[in-house]
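Please have the sequence and the 3D view ready.

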Amino acid sequence: MTNVYSFDGILVFGLLFICTCAYLKKVPRLNSWLLSEKKGVWGVFYKAAIIGTRLHIAVALSCLAMAFYVVFLK
C-alpha cells in the first residue's frame, strides 16, 4: 500500500488520475458531462484526458513501471 503523502503515492495517484480521465473521455455520456469544461477546476479533468490520449504509450509504460515498483520493490 502506498501512502499518498509520499512521492511514490503522488506518482501512483497522478498516473491513475490520467488513466481514468482518458478512459472517461471514451464514454460519450461522461465525456460531454465531465470533460466539456476546458478552464478552471473542471479543466483539470480535460487536461488529464488529453495527456492520457496523446501520450498513451508513455503513460502505459509508466503505469507498468510503477506497478512493477510497487509490487516487487516496495
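Beyond its neighbours within four places in sequence, Cys21 is in contact (heavy atoms within 4.5 Å) with Leu35, Phe45, Ala48 and Ala49. This is a predicted model, where local features need pLDDT of at least 70, side-chain atom pairs count only at pLDDT 80 or more, and totals for chains, interfaces and linings use all residues. Residues are numbered from 1 along each chain as its sequence is written, and side-chain values use heavy atoms, with hydrogens and water left out.

Cys21 also belongs to the largest nonpolar core, together with Ile18, Leu24, Leu34, Leu35, Ala48, Ala49 and Val59. Helix 1 (7–26) and helix 3 (43–54) are the elements that give two or more residues to this core, and helix 1 supplies the largest share, 3 residues. Such a core is a set of buried Ala, Val, Leu, Ile, Met, Phe, Trp, Tyr and Cys residues joined through side-chain atoms within 4.5 Å. Buried means under 20% relative accessible area, exposed over 50%, and partly exposed in between (1.4 Å probe, protein chains only). Helices are DSSP runs of H or I with at least four residues, numbered from the N terminus.

Now to the rings. Those of Phe, Tyr and Trp (its six-membered ring) pair if their centres lie within 6.5 Å; planes under 30 degrees apart count as stacked, over 60 as edge-to-face and the rest as tilted. By this rule there are 4 aromatic pairs. One of them, Phe68 with Phe72, is tilted, at 5.1 Å centre to centre and 50° between the planes. These two are about one helical turn apart because they sit 4 residues from each other in helix 4 (residues 56–73). Phe68 is partly exposed at 47% relative accessible area, while Phe72, at 59%, counts as exposed. Elsewhere, Phe13, Phe17, Trp42 and Phe45 form one aromatic cluster.
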